[in-house]
Amino acid sequence: MNDRAPNNRAVNDGTMSDDVSTRPRRRGVVHLAGWLFADLMLVLFVTSFSSIVLAAPAHPVPPTRSATPSPSPSKSLMPQKPVLVLNPQPFYINVDAAALAANVVTGQVAQNIIDQMNSQLDARGFRNAKAGLIETFGYTPSQGSASRGQAEAASINKIITGGIPSLAGALTQPYWGGGDDNKAEVEVFFFE
């Protein structure tokens, strides 16, 4: 006689467990979506819980007084950090564009740029002011020569930070600006 059941399962004689219970179950998409939803809720809970800002008490508690008062630091004893003024001071100079773009700067070209900057710094009262940031725009007539304008600006930055003590150590950034080929604009952000 056939010892197999019609659905090809072995007959359970008490020695073997049922095939259905030992076979691994396939988990459906719904099951995976449930775990994904649970993980998402956990992430949202942790994020929202960590972003809560606790409010200060409505009535601040006055500090307790000690038997010996400690001296409070005066403003003159505390070191003051310089503050960069976010209002740039523009300076316009005439340059030898061909020499600057080729990075062939002679002493006369460099001294001309330094003299123009010094005279404008003196006239506007910034001769001894410490610069924190310098943005220089090398002017060229077309955008196709933007890299040449940036090269001019980089050369000007090198000249003025090396030749003017109040501008030494400032961060510099060269830019291209559209305009007359032999002009440049130097925007200086000074410390207060």
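In strand β3, Gln173 is the bridge partner of Glu135. Helices (H or I, at least four residues) and strands (E, at least two) are DSSP runs numbered from the N terminus. The pairing behind this bridge joins β2 to β3 (residues 171-178) in the parallel sense, over eight bridges; two strands count as paired if DSSP finds at least two bridges between them. Between β2 and β3 the chain passes through α5, and this β-α-β crossover is right-handed. Right-handed means that, with the strands pointing away from the viewer, the path from the first strand over the helix to the second runs clockwise.

This is a predicted model, in which local features need pLDDT of at least 70 and side-chain atom pairs count only at pLDDT 80 or more, while totals for chains, interfaces and linings use all residues. Residues are numbered from 1 along each chain as its sequence is written, and side-chain values use heavy atoms, with hydrogens and water left out.

**The sheet**

Four strands form an open sheet in the order β1-β4-β2-β3, with mixed pairing. The edge strands, each pairing on one side only, are β1 and β3. On average, neighbouring strands are turned by 20° against each other, direction ignored. Axes are lines fitted to C-alpha atoms, for helices over the stretch in contact, and angles run from 0 to 180 degrees between N-to-C directions.

The pairings compare as follows.

| Strands | Sense | Bridges |
|---|---|---|
| β2 and β3 | parallel | eight bridges |
| β1 and β4 | antiparallel | six bridges |
| β2 and β4 | antiparallel | seven bridges |

Several residue pairs place β4 against its partners. Gln89 has Val188 of β4 as its bridge partner, and Ile93 stands opposite Ala184 in β4. Leu133 is bridged to Phe189, also in β4. Strand β4 is mostly covered, with seven of its eight residues buried. Buried means under 20% relative accessible area, exposed over 50%, and partly exposed in between (1.4 Å probe, protein chains only).

Contact here means heavy atoms within 4.5 Å. The expected span is 1.5 Å times one less than the number of residues. After α4 comes Gly125, whose phi is positive, near 80°.

Helix α5 lies across β1, β2, β3 and β4, running at about 140° to β2. It has 18 residues and reaches 26 Å between its first and last C-alpha, close to the 26 Å expected at 1.5 Å a residue. Its buried residues include Ala146, Gly149, Glu152, Ile156, Ile160 and Thr161. Their cover includes β1, α3 (97-101), α4, β2, β3 and β4.

**The nonpolar core**

The largest nonpolar core has 24 residues, and those with the most contacts inside it are Ile113, Ile156, Ile160, Leu167, Val186 and Phe190. Such a core is a set of buried Ala, Val, Leu, Ile, Met, Phe, Trp, Tyr and Cys residues joined through side-chain atoms within 4.5 Å. Two or more residues each come from β1 (89-94), α4 (107-123), β2 (131-140), α5 (146-163) and β4 (183-190). The largest share, six residues, is from α4. Ile113 touches Ile93, Val95, Leu100, Ile156, Ile159 and Ile160, not counting residues up to four places away in sequence.

Asn157 is found in helix α5. With a relative accessible area of 3%, Asn157 is buried. Leaving out residues up to four places away in sequence, Asn157 touches Ile134, Thr136, Thr172, Gln173 and Pro174. Gln173 is also the β3 residue bridged to Glu135.

Asn103 is found in the loop between α3 and α4. Asn103 counts as exposed because its relative accessibility is 58%. Asn103 and Ala151 are 48 residues apart in sequence, and their C-alpha atoms are 7.7 Å apart in space.
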